[in-house]
Amino acid sequence: MDYSLVAAAGGIAAVSIAISPKASSSEVFYSGMSPEGKAPGLLMLTLSQVTTWIFARSLMNAAILGFYYGIWGTLAYTAYYLSFLTGGLIVDRVRHRHGCNSIQGFLEQRFGRIGNSCYNLVVGLRLVSEVFANLLVIGLLFGAAGSGSYMAAVLIFTVVALIYSMQGGLHASLRTDVLQMCLFLLVLAVLLVLAIAQPAISLGDLGFKEFVIDEPGPVLLAVALLQIWSYPMHDPVMMDRGFIADRDTTKRSFMHAGWISMLCILAFGSLGVVAGAHAESGQSMNEVLQQLLGTVPMLLLNLALVISALSTLDSTMTSSARLMAVEMGVLKPTVNNGRISMLLFMLAGVLLVFWGNKDLFSAVAVSGTASMYLAPVIFFCIWGRCTNIPVWAYLGSFVVALGAAAIYFLESSGYTQWLGEAHKYTKLLWLSGATLIFGNGLFTLGWLTSRDQSAKAI
């Protein structure tokens, strides 16, 4: 075990706990307001948006995709961060055109309780998968899967994230996000300088994989461009931050978070591309990077993953509390009930770490495909002005998307081969395209049916 990484991680965790103010009221705990009742400013909201979307899982995914599929794999993952642009537009329309204070409020207004229930199911699965994926990365940084150091790292980080998340709720999460993002940017900048200074590394390494349209990298880029329309709406961490500041601050925070996140993901993922260019048969990405970079840069790389995991975990916890106590109303929105919700979601994520699937990208692909049932909602109801889409169209889109997500999970895990021998990302492209076509087709049919019925009534 790398004890220098343990010490650095412990220091960051201790400072995060120290600067987390204890929530004095449910408003501070759930709404992100300061104890004085002030909403977050542009800098705080932007840095919070960035750090909560640059997950440890995201950094690893970008690097691993670059390692195997070249710059096209990393660009594919970077393309998901265009979600900040579509997400900002979704939030702005929901708040200021439709007059709703949350995504759940809008869906209930349009589709009743069933609209809320379908959405909350997808959101709940998304939150659990985020806990699982970030804890998994943490465990693997400190030891092989199943080892004592692996399990100890997962459990310790679970406790640390719970302590300061429970202490201050959303306001504490926003404050620690600023610290963690500043540290992350510093670590990433130093890491890149050290990497560029290595004589074995050159810009030419980024082009070791050529663009071939039916290769996994370009195929995954096409998948991302299909999923970014709905992906942000099913992410409660991003959506929660869209309803806590004034309109101008919120719009600018989404815009700035988008380009900052894309640069960070592209930069970190490029390290995986470089490793892929130098890899020999049978070598892992970490082995190649260790040879290329040496001890200190690898420590910084792992530290960047630790920081991003910690910042994502606390934000996931606060969104879990909001989901259970504010949006779903399963519990009363008290501070203690929010803490109970955090504990339940964290335990679910820990269970998946020890007994779940270890493929990091599968969580993105499955939840991204499931989220595509929201694409026609966005096109027709949020950005468009259709108020008469029947519930059956919404429910049909939901069933199609969840079916496609389930099929991808089964196919990518090797349980079935219903879609033949094609690469799993090609199958994902087929499923994503079909989901988008069927969902929008159902909404079009629903809109035409409702329009005809209205005309007959007149």
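This section describes the packing, the cavities and selected helices of the structure. The structure is a predicted model, in which local features require pLDDT of at least 70 and side-chain atom pairs count only at pLDDT 80 or more, whereas totals for chains, interfaces and linings use all residues. Residues are numbered from 1 along each chain as its sequence is written, and side-chain values use heavy atoms, with hydrogens and water left out.

With residues up to four places away in sequence not counted, Val377 touches Phe106, Leu107, Phe111, Met233, Ile382, Tyr394 and Phe443; contact means heavy atoms within 4.5 Å. Helix 16 (residues 375-382) is mostly covered, with 7 of its 8 residues buried. The buried residues of helix 16 are Ala375, Pro376, Val377, Ile378, Phe380, Cys381 and Ile382.

Helix 6 (residues 83-96) is likewise mostly covered, and 10 of its 14 residues are buried. These comprise Ser83, Phe84, Thr86, Gly87, Gly88, Ile90, Val91, Asp92, Val94 and Arg95. Their cover includes helix 3 (42-53), helix 5, helix 7, helix 10, helix 11 and helix 16. At 1.5 Å a residue, helix 6 should span 20 Å, and its end C-alpha atoms are 19 Å apart, which agrees; the expected span is 1.5 Å times one less than the number of residues. The 22 residues of helix 17 (residues 391-412) should span 32 Å, in agreement with the 32 Å between its end C-alpha atoms. Buried positions in helix 17 include Ala393, Tyr394, Gly396, Ser397, Phe398, Ala401, Ala404, Ala405, Tyr408 and Glu411. An α-helix has 3.6 residues a turn, so residues three or four places apart point the same way. Gly414, with a positive phi near 85°, follows helix 17.

Cavities were searched for over the whole structure, and 3 of 30 Å³ or more were found. A cavity is a set of points, on a 1 Å grid over the protein atoms alone, where a 1.4 Å probe fits but cannot get out; lining residues have an atom within 4 Å of a point. Grid points are joined across faces, edges and corners, and the volume is the space filled by probe spheres set on the points. The largest cavity has a volume of about 100 Å³. Of its 13 lining residues, Gln104, Pro236, Met239, Asp240 and Glu327 are the closest to its centre. Helix 7, helix 10 (236-240) and helix 13 (295-327) each give two or more residues to this lining, which divides into 7 nonpolar, 3 polar and 3 charged residues. In this division Ala, Val, Leu, Ile, Met, Phe, Trp, Tyr, Cys and Pro count as nonpolar, Asp, Glu, Lys and Arg as charged, and the others, Gly among them, as polar. The second largest cavity has a volume of about 60 Å³. Its lining consists of Trp53, Phe55, Arg57, Ser58, Tyr77, Tyr80, Tyr81, Arg126, Tyr231 and Val364, or 7 nonpolar, 1 polar and 2 charged residues.

Several individual positions were also examined. Thr74, in helix 5 (residues 71-79), is buried because its relative accessible area is 0%. Beyond four places in sequence, Thr74 touches Ala62, Leu65, Gly66, Ile265, Leu266, Gly269, Ser270 and Val273. Ser270 belongs to helix 11 (residues 247-278) and is buried at a relative accessible area of 16%. Apart from neighbours within four places in sequence, Ser270 is in contact with Ile71, Thr74 and Leu206. Ser165 lies in helix 8 (residues 148-196) and is buried at 1% relative accessible area. With the same exclusion of neighbours within four places, Ser165 is in contact with Phe29, Asp314, Met317 and Met342. Ala8, in helix 1 (residues 3-18), counts as partly exposed at 26% relative accessibility.

Technical notes: Buried means under 20% relative accessible area, exposed over 50%, partly exposed in between (1.4 Å probe, protein chains only). Helices (H or I, at least four residues) and strands (E, at least two) are DSSP runs, numbered from the N terminus. On a 1 Å grid over the protein atoms alone, a cavity is a set of points where a 1.4 Å probe fits but cannot get out, and a pocket is an open set with protein on both sides within 12 Å along at least five of seven lines; lining residues have an atom within 4 Å of a point.
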